[in-house]
Amino acid sequence: MLWDDTIAAISTPKGEGGIAIIRISGDKSFEILEKIFKRQNPNSDLGFSKLNYGFIKDGKKMIDEVMVARLKAPKTYTCEDIVEINCHGGVVVSQKILELVLKNGARHAEKGEFTKRAFMNGRIDLSQAEAVMDIIHGKTEKSVSLSLDQLRGDLRDKVNSFKKALLDITAHVNVVLDYPEEGIDDPLPKDLRDNLENVYEEANRLIESYDKGKKIKEGIKTVIVGKPNVGKSTLLNSLLREERAIVTHVAGTTRDVIEEVINIKGIPLVLVDTAGIRQTDDIVENIGVTKSKEFIEKADLVLLVLDASKELEKEDREVIEKIKENGKKAIVLLNKIDLAKKIDLKEFDLENVVEISAKDNIGIEDMEEKIYSYIISEKVEDSSEKLVITNIRHKTALEKTKEAIKNIFETIDAGLPMDLISVDLKEALDSLSEITGEISSEDILDHVFGNFCVGK
Ligand code: GDP
């Protein structure tokens, strides 16, 4: 065991709920439980990995009616003895039990400390620990599914296969350097070179997958713009498939700031400033236009809604110009296509135009297809079944690996001394070890686990 202290925290979210779970991990977990848990039937066997009914008591004082489980090391989340107390999901009661646990010898856990122990005790590697957090923060099923692949160890296995290829080469290089009398003059035999090329290409593919992975994980910052009454709120509602924003015939009723996430084929679109969608009087109207321009600047994707049943107006032209000027990714939605079409966009060279009726749900699927194919490039899409990285830390490490391998090829092809290869081989291996956490600084660990919640 690496730690001699026992940690505890409330692992369920703060607030009222059906149950709350207080988790304890470390050597003293069972001892602490013994002091505060009174079984209904004192003669029954507490056992392991099963729920036991009873009461938490502070001396004679009853705190709550609970179910508790004892989980025996090493086959637990942290690889340590763990106790989980399921109590009633009240803020006061769960806090009281936690205090009692702390009073009896546990220390309050820091953010992510349970998962950190799982990592430090060798149950999971750093990429798997990161996956735990990504699952918690997952915005769509697809993003959670990518994180689950990572939690299963797919990235770790891939990294280890890269390392194996590099270690084979290291062994060969060492023989060449240490035993010059053997007369091995081939700096890199063909099979080893093929393996190295393979690592280079696969690392490169993973690096390229990051763009897609990031979109799936973090979402696309999207803003819906367009002048009043073109149908933005109606569209928003249709996308959310529930009446969250108020739609009326009078311009200017969407006042509350609404930030929503919609799921386009697994890619989360984070809709920003959905309130800026409409403002009432002239002054606010102006602010509205300025604001929407501001948001256009910040967004990754602009959905510009135009009223197809009307001719283009100055305000429409202004927004179109703004989008073009910023070189923003934009999709133009010609709404109200159920009415007679009057709009004419010939003066602009617009690529992505979709005709829709937000009110009658026409063209919404076409729009979703368009958004998806527009933000996810086909090249990456080809590899959709393969491993995708979602973490900038992994991308940076793989870039270092790729660079080092490039240097190795250059050294060999230029016929330079072999010991130069050793330096790059080490660099490539170290970068890969950063992903799995075999090489990690306190800074990196603080950064990774500091983003967790307390109790995980
Ligand atoms: P916003 O100001 O851009 O948010 O526009 P709203 O969503 O509030 O819509 C303004 C008006 O246009 C409302 O009366 C909607 O019912 C109507 N509207 C929205 N979409 C359509 C559509 O596709 N077809 C028709 N005919 N009317 C629509």
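A residue counts as buried if 20 or more other C-beta atoms lie within 10 Å of its own, with C-beta atoms placed from the backbone. By that rule, 37% of the 456 residues in the protein are buried. The model is predicted, and its scores are ipTM 0.99 and pTM 0.80.

Fold
- The protein has 15 helices and 13 strands.
- Of the contacts between residues at least 6 apart in sequence, 66% join residues at least 24 apart.

Confidence
- The average pLDDT of the protein is 87, and 89% of the residues score at least 70.
- Residues 242-257 stay under 50 in pLDDT, and the model gives them 30 contacts beyond four places in sequence.
- Residues 276-287 also have pLDDT below 50, with 20 contacts in the model beyond near neighbours in sequence.

Binding-site annotation
- An unreviewed UniProt entry places the feature "binding site" at R23, E84, R123 and K456.

R23
- Strand β2, residues 19-25, contains R23.
- R23 counts as buried because it has 24 C-beta neighbours inside 10 Å.
- Apart from residues up to four places away in sequence, R23 touches A8, A9, S11, I82, E84, F114 and G455.

K456
- K456 is located in the segment after α15 (442-450).
- K456 has 20 C-beta neighbours inside 10 Å and therefore counts as buried.
- Beyond its neighbours within four places in sequence, K456 contacts S11, G112, F114, T115, V132 and I136.
- S11 and F114 are among the contacts of R23 and also among those of K456.

Terms used. Residues are numbered from 1 along each chain as its sequence is written. This is a predicted model: local features need pLDDT of at least 70, side-chain atom pairs count only at pLDDT 80 or more; totals for chains, interfaces and linings use all residues. Helices (H or I, at least four residues) and strands (E, at least two) are DSSP runs, numbered from the N terminus. A residue is buried if 20 or more other C-beta atoms lie within 10 Å of its own, exposed if 12 or fewer, and partly exposed in between; C-beta atoms are placed from the backbone. Two residues are in contact if their C-beta atoms, placed from the backbone, lie within 7 Å. pLDDT is the predictor's confidence in each residue, from 0 to 100. UniProt positions are given in the numbering used here, feature names are shortened, and annotations may be inferred rather than shown by experiment.
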